[in-house]
Amino acid sequence: MKKRLLGVDYGSRRIGIAVSDPLQVIARGVTVLAHSPRLIDEIRRLVADYDAEAVIVGYPYTLKGTAGAKAQEVDGFVDLLRRQISCPVITVDERFSSKTATQTLRSMGVRKKERRKKSAVDEMAAAVILQTYLDSQKVTRDELS
């Protein structure tokens, strides 16, 4: 049986976290972590709590498909994660994840005041990033069938 996946929307101040269902079909946002010295420990705890088999981190590509300005910071975070946790860390293109997250919150009927809270967008962006990965894996599985 598959295990859950943990999705991460990395930011300089806040880190959105999402988790998949055990069948790895649907992603949902679960929390936002503050960027702090305890960040890796908190992610390690979430990996254990959700029995996650991998961590999926959004990677900031530009519209041209090259590494964006924030890519160096994300590279450092991913390298640290890979050294500090026991499961694989996979990066996925996060282009448009914040915009998609805002649109998703709007379509869910979330009030404008709530949508303006950066933490709500960060959590939803983590779910968008993870869902993007889940959907890409489903396409791969379908092509193999």
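**A walk through a five-stranded sheet**

Let us start with the sheet: five strands form an open sheet in the order β3-β2-β1-β4-β5, with mixed pairing. At its edges stand β3 and β5 (89-93), each with a single partner strand, so one side of each is left without a neighbour in the sheet. From one strand to the next, the twist averages 25 degrees. Strands here are DSSP runs of E with at least two residues, helices are runs of H or I with at least four, and both are numbered from the N terminus; two strands pair if DSSP finds at least two bridges between them.

A word on the model: it is predicted, so local features need pLDDT of at least 70 and side-chain atom pairs count only at pLDDT 80 or more, while totals for chains, interfaces and linings use all residues. Residues are numbered from 1 along each chain as its sequence is written, and side-chain values use heavy atoms, leaving out hydrogens and water.

Now look at β1. Five of its six residues are buried, where buried means under 20% relative accessible area, exposed over 50%, and partly exposed in between (1.4 Å probe, protein chains only). β1 runs parallel to β4, joined by five bridges, and antiparallel to β2, joined by four. G7 shows both pairings: this residue stands opposite I56 in β4 and opposite A18 in β2. β1 and β2 also form a hairpin, with four residues between them.

Next comes the nonpolar core, a set of buried Ala, Val, Leu, Ile, Met, Phe, Trp, Tyr and Cys residues joined through side-chain atoms within 4.5 Å. The largest one has 24 residues, and L6, I43, V55, V57, F77 and L81 have the most contacts inside it. At least two residues of this core come from each of β1 (4-9), β2 (14-20), α1 (39-49), β4 (52-59) and α2 (71-84). A second, separate core of 14 residues includes V92, M124, I129 and L130.

Finally, follow the sheet out to β3, which runs antiparallel to β2 with seven bridges between them. I15, for instance, stands opposite L33 in β3. T31 lies in β3 (residues 27-34) and counts as partly exposed because its relative accessibility is 25%. Leaving aside residues up to four places away in sequence, T31 touches I15, G16, I17, L46 and E123; contact means heavy atoms within 4.5 Å. T31 and E123 are 92 residues apart in sequence, and their C-alpha atoms are 6.0 Å apart in space.

Definitions and conventions. Axes fitted to C-alpha atoms, helices over the stretch in contact; angles between N-to-C directions.
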